[in-house]
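Colleague: I'm new to this one. Can you walk me through it?

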Amino acid sequence: MKSLVIVESPTKTKTIKKYLPKGYTVDSSMGHIRDLPSSAKEIPAKFKKESWSNLGINVDDRYDPLYVVPASKKKIVKKLKDLLKDSDELILATDEDREGEAISWHLVELLKPTVPVKRMAFREITEEAIKNALNNFRDIDMNLVHAQETRRILDRLAGYTISPLLWKKISPGLSAGRVQSVAVQFLVERERERMKFRSGTYFDLKASISKKEDKKRAFSADLSHLDGKRLASGKDFDENTGKLKKPDSVVLLDEKASNELRDLLNKADWAVSAVDVKTQKRNPSAAFITSTLQQEANRKFGFSARDTMSIAQKLYENGLITYMRTDSANLSGQAISAARDEVEKQYGKEYLFERVRNFGKNKGAQEAHEAIRPSGSSFVHPEKAGLSGREFKLYDLIWKRTIATQMAEAELEFTNVTITAKKDGTEADFKTSGKKILFPGFFRAYVEGSDDPDAAIENQEIFLPEMEVGESVDLHDLESISHETKPPARFTEASLVKELEKRGVGRPSTYASIISTIQDRGYASSDGKTLIPSYTAFAVTELLENHFPHLVDSEFTSSLEDKLDEIAKGKYDPVKYLDDYYKGDKGLRAQVDQQEDKIDPQKARVLNLPLDLDGIEVLVGKFGPYVKTQSEGEDISTSLPVDLHPGELTTEKIKKLLVAEKEGPKSLGNHPEKDEPVYVLSGRFGPYVQLGEVTEENKKPKRVSLLKGMTPETLDFETALKLLELPRTLGEHPDDGKVVKAGVGRYGPFVLHDGKFKSLKKDDNVLTVDLDRAIALFKEKGKGRGSSSAIQDLGKHPETDQPIKVMDGRYGPYIKYGKKNISLPKGTDPEKFSMGDAVRLIDEKGKK
């Protein structure tokens with residue numbers, strides 16, 4: 001008997017093949033094989049005249065979707081059909097979630113098999129799991145299919161109804177999304193809070209103290225109360241005024257008062273007035289679910305949500321972890337047994353929790369299965385898993401978190417001491433705390449990260465000697481310290497995932513794509529850690545808040561998710577759900593029709609920022625953000641630099657830009673050879689020098705950006721002339737007589753010879769580097785920036801048979817697919833990039 005098994009990816013194909021008996025052929029669908037049309041050219045001719053064809057959904061016929069097979073998937077479909085002709089049964093082994101269930105259903109609908117169809121379900125790719133799945137086939141779960149299809153239709157309705165409105169009213173190419181727009185609103189609202197924030201200043205005292213008989217082991221203590229009244233701290237200040245909320249309830253020290261108090265207490269008697277010792281037990285966190293894995297990987301390693309899911313997908317498809325899209329923190333009996341065995345083996349019996357510890361399913365969980373854990377009935381130790389780099393880090397994290405769930409509690413002892421200084425009727429209380437780990441328990445394996453960097457010290461021991469009430473102590477040093485209150489922190493990927501989950505917006509399996517989408521579409525950028533909303537994000541959010549408030553209402557969006565969960569259980573009618581959202585007087589379609597004429601495009605492009613701009617407008621336009629004002633009856637406008645984010649705008653910065661625009665460029669002097677003025681200007685992409693003026697005859701005068709560390713204020717005429725020489729000729733290479741040049745490109749300063757680039761080192765200066773140094777750089781081992789070298793050969797594309805290679809070139813890693821070059825997404829590890837990743841990237845590029 002011949003069986004055809006279909007999975008979603010080539011990696012999964014290779015892994016599952018190892019555990020199937022003879023007679024089984026395994027192939028991949030490469031993800032979804034059909035979808036709603038992504039462009040007008042994908043719409044079949046017979047539907048093009050239908051009023052709903054561009055939407056791809058017949059909203060008047062129970063939201064009947066129009067599914068098409070993209071051109072990139074037609075060869076895959078043909079190949080699967082050919083394989084099915086020689087098979088006696090079709091086994092669908094796609095992932096066991098809504099997307100996987102939908103892929104299986106689409107395969108059946110498209111392949112139209114005449115042989116028996118079986119659904120094979122497993123949560124890990126191990127020999128044991130695959131054998132068990134072969135003995136426990138089931139039917140396709142149509143409730144899961146309906147939930148996936150309803151979500152897809154819902155997102156299409158939202159995007160295709162709101163996005164065209166944004167194109168007309170704000171700028172072409174913008175998009176809105178049911179979950180995406182709420183996530184952007186979170187970022188914008190946090191940035192508004194930061195912009196409204198006014199800092200407050202306060203002072204306190206820090207003492208260095210020791211026991212009289214042990215002067216070498218000093219510890220610190222902070223002033224907490226003065227004459228029985230609590231000292232003001234950051235929490236006492238109003239964020240919008242920078243003033244105390246309740247000034248009568250606390251003592252606020254300024255610099256003068258703190259210095260006077262310091263001088264007084266330097267002569268005081270210091271003694272212990274209170275000692276409080278408590279023991280506390282800590283329990284480990286639950287094993288990972290999708291959202292907590294994304295958060296922790298971001299905190300500990302700086303991985304983006306997209307990178308975390310991509311790495312986890314590879315670990316799953318290679319049989320190392322269970323399925324990585326799950327809302328359940330539950331561990332199976334097999335997993336608990338494996339974890340307990342590992343604890344005893346690695347740490348000994350004393351570190352094993354006295355009984356089995358398990359964690360239940362989270363509220364609203366889509367898939368009532370297991371947490372993310374190492375696969376199998378015995379866990380592969382990270383050091384023996386054959387992994388490296390990011391894959392090792394993530395697997396090690398999952399392994400440690402899982403075994404920690406079965407480890408003993410950590411036992412801690414906290415000592416809180418109050419030390420009182422008395423002098424001339426003044427009493428000042430200083431607090432200090434110590435922490436001792438009596439028994440580390442699960443700390444031996446795993447300590448959870450935190451969104452607050454200061455909290456990282458929480459699990460470290462803090463020395464404090466034993467002290468008794470009434471005991472005199474010695475003061476070593478007393479320091480007055482200034483503090484400024486800080487604005488609310490911007491969201492990181494980890495804290496945004498946490499907020500989305502807390503508010504019930506989206507589901508963990510969608511967070512990675514949400515965060516990627518808002519960055520890819522220019523609504524936010526990352527400074528390496530935090531997410532910064534753009535001017536466009538403010539404009540779109542303001543329009544939605546003013547005219548479609550429910551679209552950025554987290555409670556409304558959460559209720560939609562809850563109903564999708566009900567559809568997945570077969571408890572809610574998908575058509576009613578879509579009707580309630582789209583049709584009727586309160587439906588999205590009617591609201592857009594009602595609001596469209598009320599939205600003035602000119603006003604929609606003006607940002608309502610929480611700043612006192614004194615008659616200055618901040619707008620978004622076709623070429624980016626800009627500011628505009630009137631001076632002596634004349635309109636003056638200027639672009640905002642790309643690195644000046646909304647939250648960093650001040651009236652002073654804007655006025656400086658406008659003054660420079662009004663006064664026009666100031667010449668540093670005339671070029672000695674060209675006899676044209678040399679200007680220092682600022683543009684959207686930062687400051688630069690320009691030779692001559694823009695005229696009809698000279699529309700594009702020579703411009704060179706200032707080098708890193710240079711500023712317009714400090715740039716002199718001589719340096720400006722050197723910049724304008726770039727790229728400059730250094731001389732001829734002695735080996736071949738070809739010219740060697742030095743210049744600055746997108747990726748920094750370089751030297752160039754015969755089409756090959758070499759980056760300058762940190763100590764090199766592009767304005768002064770000479771020929772000898774350039775030749776020495778070219779002789780160094782390693783590739784030049786102009787050459788491309790193959791990182792890995794992935795083989796031939798499964799549909800087109802064209803070769804695919806992962807390359808490293810001048811502008812970073814990319815894949816070479818036939819004659820096409822496609823850059824790898826930011827943050828992708830080129831050495832870990834798989835054929836499945838490449839096919840998905842090629843497919844996405846084709847759609848765009």
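**Helix H11 and the rest**

Modeller: Start with helix H11, residues 389-404. Its 16 residues should span 22 Å at 1.5 Å a residue, and its end C-alpha atoms are 23 Å apart, which agrees. The expected span is 1.5 Å times one less than the number of residues. Helices (H or I, at least four residues) and strands (E, at least two) are DSSP runs, numbered from the N terminus.

Colleague: What kind of model is this?

Modeller: This is a predicted model, where local features need pLDDT of at least 70, side-chain atom pairs count only at pLDDT 80 or more, and totals for chains, interfaces and linings use all residues. Residues are numbered from 1 along each chain as its sequence is written, and side-chain values use heavy atoms, with hydrogens and water left out.

Colleague: Back to H11. How many of its residues are buried?

Modeller: 12 of the 16, so H11 is mostly covered. Buried means under 20% relative accessible area, exposed over 50%, and partly exposed in between (1.4 Å probe, protein chains only). Among the buried ones are Leu394, Leu397, Ile398 and Trp399.

Colleague: What do they pack against?

Modeller: Helix H8 (290-301), helix H9 (305-317) and helix H10 (333-347). Contact here means heavy atoms within 4.5 Å.

Colleague: What sits between H8 and H9?

Modeller: A loop that holds Ser304. Ser304 counts as buried, at 18% relative accessibility. A polar atom of the Ser304 side chain lies 3.0 Å from the backbone nitrogen of Asp307.

Colleague: Zoom out. How many helices and strands does the chain have?

Modeller: 22 helices and 30 strands. The C-alpha trace spans about 100 × 85 × 75 Å along its principal axes. There are 848 residues in the chain, and buried ones make up 50%.

Colleague: Salt bridges next. How many are there in the whole structure?

Modeller: The search finds 53. Each is a side-chain nitrogen of Lys or Arg within 4 Å of a carboxyl oxygen of Asp or Glu. One of them joins Lys583 and Asp60, at 3.6 Å from N to O. Lys583 lies in the loop between helix H16 (574-582) and helix H17 (588-596), and Asp60 in the loop between strand E3 (57-58) and strand E4 (64-65), so the pair ties together parts 523 residues apart in sequence.

Colleague: Are those two buried or exposed?

Modeller: Lys583 is partly exposed, at 24% relative accessible area. Asp60 is exposed, at 61%.

Colleague: Which residue does Glu191 pair with?

Modeller: Arg490, with the closest N and O atoms 2.7 Å apart. Glu191 is in helix H6 (residues 180-196) and Arg490 in the loop between E13 and helix H12 (493-503), so this pair ties together parts 299 residues apart in sequence. Glu191 is buried, at 1% relative accessibility. Arg490 is buried as well, at 12%.

Colleague: New topic. Where is Phe203?

Modeller: In strand E7, residues 201-211. Phe203 counts as buried, at 12% relative accessibility. Leaving aside neighbours within four places in sequence, its contacts include Leu231, Leu253, Ser480 and Ile481. Phe203 and Ser233 are 30 residues apart in sequence, and their C-alpha atoms are 8.6 Å apart in space.

Colleague: Last one. Where is Val469, and is it buried or exposed?

Modeller: Val469 is in the loop between strand E12 (426-439) and strand E13 (473-484). Val469 is exposed, with a relative accessible area of 56%.

How values were computed
Polar contact = N/O pair within 3.5 Å; in protein donor to acceptor, adjacent residues only side chain to side chain.
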